[in-house]
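Hi,

Here is the structure I said I'd pass along.

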Amino acid sequence: MSKIMEGLKYSESHEWVKVEGDVAVVGVSDFAQKEMGDITYVDMPEVDDEVTAGEEFGALESVKASSELIAPVSGTVVEVNSELEDTPEKVNEDAYGAWIIKVKMSDPAELDALMDAVAYKAAIGE
Amino acid sequence: MKYYDKLVFELSQEGRTGFSLPVNKYPAAPEVPAALRRESALNLPQVSEPDVVRHYTNLSQMNFGVDTGFYPLGSCTMKYNPKINEEIAAMPGFGGLHPLMEDSLVPGARKVYEEMNKALAAITGMHAFTFDPCAGAHGELTGLMIMRQYHLNRGDLARTKVIVPDSAHGTNPASAAVAGLEVVEVKSLENGRIDVEALKPLLGPDIAGIMMTNPNTLGLFETQIEEIAALVHGVGGLLYYDGANMNPLMGVVRPGDMGFDIMHLNLHKTFSTPHGGGGPGSGPVGVAKHLEGCIPAIKVSGFHGNFGVILRAYAYILSLGKDHLQKVGQFSVLGANYIKECLKDKYKLPIEGVCKHEFVFDGLINDGAHDDVPGATTLDVAKRLLDYGFHAPTIYFPLLFHQALMIEPTETESKETLDAFIEVMRKIADEAAQDPMILHDAPHNTPISRPDETTAARNPILKFQDTL
Amino acid sequence: MAQLPYLPQTEADVQAMLARIGVNKLEDLYSDVPAQFLHKGAYALPDALSEQEIRDYFASLEAMNARLKVFVGQGAYDHYTPSVIPYLCSRSEFLTAYTPYQCEISQGTLRYIFEYQSMMCELTGLDVSNASMYDGPTAAAEAMKMAIACARKKTRVLLSATLLPNVIAVVKTYAKFHGVEIGMIEADGGQTSLSALQAELAKDDVAGVIVPSVNRYGIVEDHSGFADAIHAEKGILVEYCDPSALAVVKTPAEWGADVAVGDGQPLGLPLCYGGPYVGFMTVKKEHMRKMPGRIVGQTTDKEGRRVFVLTLQAREQHIKREKATSNICSNESLMALWVTVYLSLMGPEGMKQVNKLSADGAHYLKAELLKTGQFEDVFPDKPFLKEFVLKYKGTGLKERLEKAGFFAALDTEEGYVSFCVTEKRTKEEIDRLVAAVKEG
């Protein structure tokens with residue numbers, strides 16, 4: 001059973017969003033990190049990069065696989081979790097604590113297209 | 001195999017030499033000016049010749065090769081590497097030729113290229129070959145460049161996409177991306193073949209062509225190839241053949257006759273040249289007549305391709321001649337079907353029916369999962385095979401099947417070897433059903449056990465200097 | 001017909017297997033192939049040759065080729081190959097081994113690759129090496145693609161006009177299809193011009209620059225100021241090198257380069273009419289994830305032993321597919337073993353001596369040629385090692401030297417003649433070559 005945190009928004013591609021004013025904090029769900037197995041590298045954008053909802057902004061890598069990270073909202077990257085450069089395993093250890101990027105949203109209405117915890121739980125069939 | 005843990009740097013002692021160079025009889029030339037001179041020390045190992053020989057000999061004894069045992073690796077065609085080929089490749093009258101010597105100085109070398117061209121054309125039904133590419137993926141890239149050049153020559157700038165089946169080897173879409181083409185995936189049916197109905201809506205004036213192999217990566221002959229060729233040609237596209245799976249067609253079917261316009265061959269697969277631990281290979285590209293003019297503009301390697309590999313392949317072709325070519329194809333298919341029939345009661349066979357030179361199992365029928373013990377995976381089966389002295393088959397490819405195990409026995413394996421492999425695979429299946437932990441912990445009998453690949457990727461140590 | 005000894009199947013074996021499969025004859029195994037594709041009749045190939053006939057035939061082809069003393073370089077160098085190397089590289093556990101994906105039975109391959117990576121880093125001074133590429137020119141093309149991948153929105157790569165012609169041709173081919181614009185940096189006085197580079201950089205769309213450490217004229221280039229100028233524009237500096245010369249000339253790391261590429265052929269690989277050679281690439285640590293090709297890393301196994309594995313595979317084509325920075329799969333592994341054994345035997349002292357013998361020989365040849373009065377020195381005050389160019393005042397020099405048994409005086413695009421001397425050549429051979437020049 002994967003952990004699902006209340007109060008977050010979820011995308012179909014297993015990213016979560018925590019809204020802090022006009023900034024979206026983005027990470028991946030417990031289900032996603034379980035699917036990946038041991039994460040060996042998190043390919044992240046740079047501060048000031050633009051991200052677009054529905055498009056790739058990075059990747060999670062394991063020994064044998066690579067999985068795209070899809071932006072749940074559009075905007076400008078204002079912070080990147082540099083801890084993950086040296087310790088990508090933090091995503092495995094605590095998927096909801098290990099945020100990946102923080103995005104200043106250009107269109108907060110995009111949040112409405114995301115699922116809440118209940119809908120996400122149903123979506124992953126648990 | 002014995003565990004030998006030294007690295008050559010660890011055999012080094014200041015002042016040891018392992019080389020023998022002549023005395024310098026020249027007047028001393030001026031030194032390189034200080035500003036252009038190397039400053040840092042050159043910390044290469046200082047080792048004597050006997051120690052170098054012993055070191056690499058010991059290293060070699062931790063390695064498995066075709067000469068050691070069976071490699072049932074699907075899509076790799078690990079056939080026997082004839083030793084006469086090595087003798088030919090080492091002849092000094094070839095080894096001493098500088099690549100910039102003009103043709104009139106090296107008619108013997110040029111003749112090898114001309115005759116290989118004729119021989120490969122005869123075997124494949126293509127019209128002309130370029131020998132520049134140094135590997136299969138390199139050949140794919142070259143072939144796709146030729147495809148693009150063909151359309152550019154026609155003044156057609158709209159051909160920006162290439163269709164690739166979802167069962168394709170990773171080099172196919174990667175080569176397409178390097179060649180500047182956008183990849184459009186076409187789905188496979190449940191029977192593993194290209195879904196022609198799914199192909200039709202993808203075709204249009206932006207399609208440069210389709211990149212596929214036949215038999216496909218599941219070892220199944222694409223029975224609809226005539227229709228696929230007509231559809232792609234119908235929209236002005238070209239057909240590219242990935243020749244990695246050429247072995248079962250040797251002496252039986254020619255890609256050129258099936259409508260393919262461009263293809264590459266892997267000399268280090270179908271044509272018996274040794275794998276060398278990962279290379280060198282050679283990936284000659286053949287084209288139909290109307291594409292021959294596109295070749296000269298495309299320069300993909302420094303000189304004339306891997307001549308040493310081409311020499312070996314030509315010696316092999318001369319040993320086959322017209323007389324033995326067909327047996328290569330037929331016996332490779334015979335062995336694959338035999339293993340399939342003998343193991344399909346223990347391993348899941350997702351697609352029934354006659355296969356070509358290789359086939360895919362989708363994991364164990366009974367993986368022994370119970371209580372908290374997870375079932376044995378394809379990886380576990382592969383590692384347990386190492387304990388019995390066999391190299392594992394190809395695992396987790398093609399991606400269509402999650403526990404894929406792809407087996408290709410090649411025509412140079414005796415029935416006794418195939419039977420021994422079948423017996424071990426049956427034994428492993430029974431072990432899994434009884435107690436999957438035996439497999440989870442495998443291998444037990446190799447010089448080393450399963451490596452910690454996660455740490456290797458998280459904290460990479462990629463050179464000896466990192467460990468000092 | 002001559003027998004083929006590679007097929008173990010007897011008639012009894014074939015019948016037993018057919019019976020187990022449940023078919024009557026071998027042709028039934030192709031029942032899934034539409035009949036019109038089954039080839040009818042014999043293939044247009046000669047009759048099978050026996051092994052001795054194969055030997056005889058290739059001996060006749062070998063005899064057709066000229067046997068000349070090689071005094072030309074231009075990307076392929078006739079350096080001495082220690083006898084140990086072909087002996088070790090022909091060991092079948094190395095020669096007939098597959099790619100080391102199953103590391104438990106491939107520690108031999110993985111360890112020599114790790115040693116190779118270490119040695120290439122030592123020669124170039126950079127942090128990470130891959131497990132080899134096809135050759136120098138394609139390694140340069142891969143560096144060009146890497147520059148674009150690192151560069152974010154820049155689409156131009158600059159090449160020095162003093163790179164070897166075949167390097168330029170291959171990079172341009174890859175660039176054309178990959179959608180990369182190539183700009184050329186002019187030469188000035190026989191080497192890449194810093195001011196020409198600065199002028200091109202000022203156009204502000206340069207992802208990377210590829211310049212030769214020792215160039216097509218044999219000249220050791222001065223790249224002072226290059227790295228600063230390129231880094232100021234956020235581009236990457238790629239040094240194209242002869243790895244043998246790196247024992248004595250400034251390394252890419254010392255020039256501040258981000259990437260080093262080149263061909264390992266000068267490290268004892270035979271000329272072999274152009275291949276197999278071995279491309280190398282080393283990079284600064286920060287570019288590691290964008291580097292193409294296989295990489296071997298050190299780790300431990302379950303019992304804590306030191307072991308080696310292919311690592312960082314998530315960069316490669318079998319995982320990233322069309323998103324990989326390269327399509328490379330097979331490399332030149334066995335030739336990397338060749339290089340590793342060569343460098344193990346040579347060590348730092350051997351490498352210095354190889355360069356000294358070659359350079360002293362080349363300077364001697366050049367001086368003697370100039371004394372004949374038949375040549376003009378094109379770049380009289382530029383430093384060189386084993387290779388140099390001159391202007392020949394007459395014609396037909398190359399053909400005359402061929403008749404005297406030498407492959408020398410190769411014509412270059414610029415109308416010069418090119419010479420190269422390695423430690424395999426002797427003073428006596430040089431004196432005979434000069435005598436042949438004087439006779440004309």
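The largest nonpolar core has 333 residues, and those with the most contacts inside it are C:Ala140, C:Ala143, C:Met144, C:Ile210 and C:Val238. Bear in mind that this is a predicted model. Leaving aside residues up to four places away in sequence, C:Ala143 touches two others from that list, C:Ile210 and C:Val238. C:Ala143 also touches C:Val259, C:Val261 and C:Met281.

Those contacts lead on to the strands. C:Val261 stands opposite C:Met281 in β10(C). Strands β9 (residues 259-263) and β10 (residues 279-283) of chain C pair in the antiparallel sense, over five bridges. Both belong to an open sheet of seven strands in chain C, with mixed pairing and the order β2-β10-β9-β8-β7-β3-β4. At the edges stand β2 (128-129) and β4 (181-185) of chain C, each with a single partner strand, so one side of each is left without a neighbour in the sheet.

Then there's the contact between chains B and C: 171 residues of chain B are in contact with 163 residues of chain C. On the chain B side, the helices that each supply at least two residues include α1 (49-60), α4 (107-124), α5 (136-153) and α9 (307-343). The largest share comes from α9(B), with 21 residues. By class, this side of chain B has 95 nonpolar, 51 polar and 25 charged residues.

Cheers

Conventions
Residues numbered from 1 in each chain as written. Chains lettered and ligands numbered in written order. Predicted model: local features only at pLDDT ≥ 70, side-chain atom pairs only at ≥ 80, totals over all residues. Contact = placed C-beta atoms within 7 Å. Helix = DSSP H or I, 4+ residues; strand = E, 2+ residues; numbered from the N terminus. Nonpolar A, V, L, I, M, F, W, Y, C, P; charged D, E, K, R; others polar. Pairing = 2+ DSSP bridges. Core = buried A, V, L, I, M, F, W, Y, C linked by C-beta atoms within 7 Å. Buried ≥ 20, exposed ≤ 12 C-beta atoms within 10 Å, placed from the backbone.
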